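Student: I would like a close look at one part of this model. Please take it slowly and define the terms as you go.

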2 protein chains.
Amino acid sequence: MKKLIKQKESFLNDMLDGLKYRDTQIEIIEETVAVRKNKRDKGVAIVSGGGSGHEPAHAGYVAHGMLDAAVCGEVFTSPTPDKVLAAIKATDCGEGVLLVIKNYAGDVMNFEMAQEMAEAEGHRTASVIVRDDISIDNEEQRRGVAGTILVHKFAGYLSEQGLSLEQIRERTEEMMTGLYSIGMAVQPCLVPTTGAYGFDLAEDEMEIGIGIHGEKGIYREKIETADSIVNRLQDEIFKHTDSSHLIVMVNGMGATPDSELNIVTKYVMEGLESKGKSVSRLLVGNYMTSLDMQGFSLTVVEHDDYLAQALNAPTESKHF
Amino acid sequence: MKKLIKQKESFLNDMLDGLKYRDTQIEIIEETVAVRKNKRDKGVAIVSGGGSGHEPAHAGYVAHGMLDAAVCGEVFTSPTPDKVLAAIKATDCGEGVLLVIKNYAGDVMNFEMAQEMAEAEGHRTASVIVRDDISIDNEEQRRGVAGTILVHKFAGYLSEQGLSLEQIRERTEEMMTGLYSIGMAVQPCLVPTTGAYGFDLAEDEMEIGIGIHGEKGIYREKIETADSIVNRLQDEIFKHTDSSHLIVMVNGMGATPDSELNIVTKYVMEGLESKGKSVSRLLVGNYMTSLDMQGFSLTVVEHDDYLAQALNAPTESKHF
């Protein structure tokens, strides 16, 4: 298997060991929990995490202005409740902890179990569940994908502004009602811990509406040009929103060349301009990946001035 | 061909159109030359460039503290002398222009031709040729690869310090005598303009000493674990230097998952520690890519305090 790893059993720990060298602002506690060395001494702590394989998510966003901790599970596998509890205990400075959970059964179960355990130990907690993937019709079943990074940023900003746990939860829930993502792939990911591809795609096919854990998309077509693909994704997104004030993220799935992300960006922005949309912040890069999948996702969030200010505020994360 | 492009003929222009949206600090002149909107009004201008396919190089480094302009050729193809001349004319504010050229026949010829044309028009110019790829034995024939980005940073810093054109050329030449890179690939790149792979690799093979234009490596082996591969590359590098003060870059080749770059980083840093090396700056990411090649390169530069300070100084480039 063509993977730059030592052995599949140590994938997660080796990766976190490397991350410690790369980002000297974080430390790893309890083996798999990334926390800020420079801990907050007041305000609400923001904690997220999930399975690995989405790097730089989530540990890359453990930084002033975004997350206080990221709980890192094995590849595409939810972290266990005890690790989430450790993150809560390490970051709570008395004003409570907000958990940002992507909508997957394992994550929701384990994070909520940790919440109960933490409450029993006297910590105040709240949680929000990100469901930005509009490729799933049923709103309750929508997965959390790249838009989660914008939730990290918004919640981190609200905490810096001194809002209470309940206020942050409410504002974040409200923001997520205007958050929409959809992704596509031209190549599936190869999972290092199993040696299996997420799905199979013929040499002339693309998959629309893919998940970030090797989940197949909602439909498959012959591959098209970048402008046509962008139109397809925008058409899906604009079934859900007619807002003309948007923040936009073009997210690489992990193995998409930067040149192709630029080409996609051209057609995204030209498409939005032709629809009369105004874009107050554009993010392009690898934010929420799926190992070595080739493809991209498009995220838009409706915003007012406050949200624009929040997402444009400084953070020490090198990845935002 | 599985590429997120509209058509191969417009690859370069489409990519630069997208880049303009992504980086609002630059503008594109003469169709393919990226320059800073906020032009310098004194000091030596630093200009680089070359074929495309290495994004974010070079246009991603057009920013305060690094480059004043990047001349962008077609994929893996040198830009023409008239475009290099345009970059010189657009950036020279009377104190001269330093050209940072990667050592490829086409680039050297076209940049030096532009230099002659510029001198004839009254511009003072100087050039340095980057030859950091130690996989080539003959020093004169060594290719310029990821170490070029450190040269951009150093030259940009020297210019900000107010050094003269000749001083910057001399200091940069001196820095490059201690600059060493070597790369490897587990998957070759697929060139969007030709539809051909750079080379063919069997399912269980890796290539050591690859170039960044699909050039084959110096030898091919059965794929090994990340720690063994790192050892191989470090062994090659430490044939050339015994310095114990290093700045280190772990560079992704374009389609290498961020998780695997972290794993490589672990073994790079553990290897250096075991050799008693001190690392004053570690850079990990996609700096000088080769489209969608999977693999990485390792760059080390010997440094004194001045060079460390220069490479750690702020730049407005989001990619450094």
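Which residue of chain B comes closest to the rotation axis, and at what C-alpha distance?

Tutor: This is a predicted model, in which local features need pLDDT of at least 70, side-chain atom pairs count only at pLDDT 80 or more, and totals for chains, interfaces and linings use all residues. Residues are numbered from 1 along each chain as its sequence is written, chains are lettered from A and ligands numbered from 1 in the order in which they are written, and side-chain values use heavy atoms, with hydrogens and water left out.

The residue is Ala255(B), whose C-alpha lies 1.9 Å from the rotation axis. Two copies of a chain are related by a rotation about an axis and a shift along it. Here the rotation that superposes chain B on chain A is 180 degrees, the shift along the axis is 0.0 Å, and the RMSD is 0.0 Å. That is the relation of a two-fold axis. The superposition is by least squares on the C-alpha atoms of residues with pLDDT of at least 70 in both copies. Both copies use the same surface: 100% of the contact residues of chain B recur in chain A, where contact means heavy atoms within 4.5 Å.

As for the chain behind that surface, chain A has 8 helices and 12 strands. These are DSSP runs, numbered from the N terminus: helices are H or I with at least four residues, strands are E with at least two. The C-alpha trace of chain A spans about 55 × 50 × 35 Å along its principal axes. Of the 320 residues in chain A, 65% are buried, meaning under 20% relative accessible area, while exposed is over 50% and partly exposed lies in between (1.4 Å probe, protein chains only). Of the contacts in chain A between residues at least 6 apart in sequence, 73% join residues at least 24 apart.

Leu190(A) sits in the loop between β7 (179–187) and β8 (205–208), and counts as buried because its relative accessibility is 8%. Leaving out residues up to four places away in sequence, Leu190(A) touches several residues, including Met1(A), Lys3(A) and Leu291(A). Ala59(A) belongs to the loop between β3 (45–52) and β4 (69–75); with a relative accessible area of 6%, Ala59(A) is buried too.
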